Amino acid sequence: MIFLFTGEEKFLLDQQLKKWKDAFVKKYGSNNLYIFQEDNFDPEQIASALAGGGLFEEKKFIIIK
């Protein structure tokens, strides 16, 4: 599944994204959370996060800002 968070109010977007991240980390663990921003935006790492999967990775949450 792909979810797109968009809007004009950055604070509300960040607040909603934090709720999603916290719920995901609580259920699946922080090892399955990947966040890519301007400072670490590398298409190869993103592709690796999308395609790769560990033995114990049930689900992944990938955030690209």
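Author: Lys18 and Asp22 both belong to helix H1 and stand four residues apart, about one turn of the helix; helices (H or I, at least four residues) are DSSP runs, numbered from the N terminus. This is a predicted model, in which local features need pLDDT of at least 70, side-chain atom pairs count only at pLDDT 80 or more, and totals for chains, interfaces and linings use all residues. Residues are numbered from 1 along each chain as its sequence is written, and side-chain values use heavy atoms, with hydrogens and water left out.

The side chains of Lys18 and Asp22 form a salt bridge at 2.7 Å, N to O; the term denotes a side-chain nitrogen of Lys or Arg within 4 Å of a carboxyl oxygen of Asp or Glu. Lys18 is partly exposed at 46% relative accessibility, and Asp22 is partly exposed as well, with a relative accessible area of 42%. Here, buried means under 20% relative accessible area, exposed over 50%, and partly exposed in between, with a 1.4 Å probe and protein chains only.

Two salt bridges are found in a search of the whole structure. Lys10 and Asp14 are about one helical turn apart, because four residues separate their positions in helix H1, which covers residues 10-28. Lys10 is exposed, its relative accessible area being 55%, whereas Asp14 is partly exposed at 30%.

Key
Helix = DSSP H or I, 4+ residues; strand = E, 2+ residues; numbered from the N terminus.
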